[in-house]
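Here is a short report on one protein model. Look at the sequence and the structure first, then read on.

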Amino acid sequence: MSSIVWQEGTKKAKTAISSYANVDLLRPYFDVQPMEVANRLLFSFVPARVSNDANKIHSELYGPVMTCFTLVAVLLYEMKSSDHRVQEGTLMGSAMITVFGYWLGVSALVWLVAYICNAQVKPIQVATLIGYALTSHVAVVLLTTFFHSTQSHKLFYLLWAVLGGLTTLKLVSTFVVRTPGHTERIVLCALVAILHMLFLLYLHFAYHKIVSDLSEVLEQKIGMHHPVAQVGANKPPAAAGSGKAAASAIGAAPLMPKAS
């Protein structure tokens, strides 16, 4: 009996893995026109109307993926323009892990809370909403790269409140109309709003410091593996200078005549 149950479970597990590993299942979520993506990026700043029609949430992944890649590119440009000495692999890897980790991790967490709160939303719809909401992060990080002053953060806080607040209202208004129960709405919307706004604060204040510290640690490890290079780099330039001075003195000294 146990062998039969094991065989059936293994068969179902293999079927599920093969179905999810099939690329054709993801193809409809990337079949979208560029004009539709542009419109959805603009409407990510517009709060949703009161409606119970769950089909109005677009289920596609092309826009969110491109938004994440754009945010990675903006972070790379910001780090390079701010004179941070960071290795290319460290910078690229940390940016990819930060952005895509946030998108996938927060999408999974929000969908889990939405499922517990009995919200009428699908996992792919949550990923779409969270991904398009990152448009505000792209805009804020890009604008502060060109116009931000290191002495004052007033511009950042203004953009954070306006652009980040608009996309937060879009998320909150979308989940409110699809979540029954007053307490469930407060829990789900508060979670979405807090994570969305805090991530933008993290990108502005904490991301640069963490990447810089990581780069310094890696540079120290590389220096430890190359002690010969360190010795050559630490050699004082006075020795070379004194050798040149001695050579020039010898060349300039007059030749003494030989005794007859």
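The report goes from the whole chain to single residues.

## The model and its numbering

This is a predicted model, in which local features need pLDDT of at least 70, side-chain atom pairs count only at pLDDT 80 or more, and totals for chains, interfaces and linings use all residues. Residues are numbered from 1 along each chain as its sequence is written, and side-chain values use heavy atoms, with hydrogens and water left out.

## The whole chain

The protein chain has 10 helices and 0 strands. Helices (H or I, at least four residues) and strands (E, at least two) are DSSP runs, numbered from the N terminus. Along the sequence the pattern reads α-α-α-α-α-α-α-α-α-α.

The protein chain holds 260 residues, and 33% of them count as buried. Buried means under 20% relative accessible area, exposed means over 50%, and partly exposed lies in between (1.4 Å probe, protein chains only). The accessible surface comes to about 16,600 Å², and carbon and sulfur atoms account for 68% of it. Such areas come from the Shrake-Rupley method with a 1.4 Å probe; for residues, only the protein chains shown count as cover.

Now take contacts between residues at least 6 apart in sequence: 82% of them join residues at least 24 apart. Contact means heavy atoms within 4.5 Å.

## Regions from the record

An unreviewed UniProt entry lists residues 61-79, 91-117, 129-149, 155-177 and 186-207 as "transmembrane region". UniProt positions are given in the numbering used here, feature names are shortened, and annotations may be inferred rather than shown by experiment.

Two of these spans can be compared with the model. Residues 155-177 are 96% helix and 0% strand, with end C-alpha atoms 33 Å apart. Residues 186-207 are 100% helix and 0% strand, and their end C-alpha atoms lie 29 Å apart.

## Around Ser136

Ser136 sits in helix α6 (residues 135-147). Is Ser136 buried or exposed? Ser136 counts as buried because its relative accessibility is 0%.

What does Ser136 touch, apart from neighbours within four places in sequence? Its contacts are Phe45, Leu163, Gly164, Thr167 and His196. The side chain of Ser136 also makes a polar contact with the side chain of His137, at 3.1 Å. A polar contact is a pair of N or O atoms within 3.5 Å; within protein, one must be able to donate a hydrogen and the other to accept it, and residues adjacent in sequence count only if both atoms are side-chain atoms.

## Cysteines

A disulfide is a covalent bond between the sulfur atoms of two cysteines. Here the test is a pair of cysteine sulfur atoms within 2.5 Å. The whole structure has 0 disulfides.

Cys117 is buried, at 9% relative accessibility. Cys68 is buried too, at 0%.

## Aromatic rings

Rings of Phe, Tyr and Trp (its six-membered ring) pair if their centres lie within 6.5 Å; planes under 30 degrees apart count as stacked, over 60 as edge-to-face and the rest as tilted. The count is 11 aromatic pairs. One of them joins Phe146 and Phe147: 6.5 Å centre to centre, 55° between the planes, and tilted. Phe147 is exposed, at 59% relative accessibility.

Phe199 and Tyr202 form a stacked pair, because their centres are 6.3 Å apart and their planes are at 20°. Both lie in helix α8 (residues 182-225), 3 residues apart, about one turn of the helix. Phe199 is buried at 7%, while Tyr202 is partly exposed at 28%. Phe156, Tyr157, Trp160 and Phe205 form one aromatic cluster.
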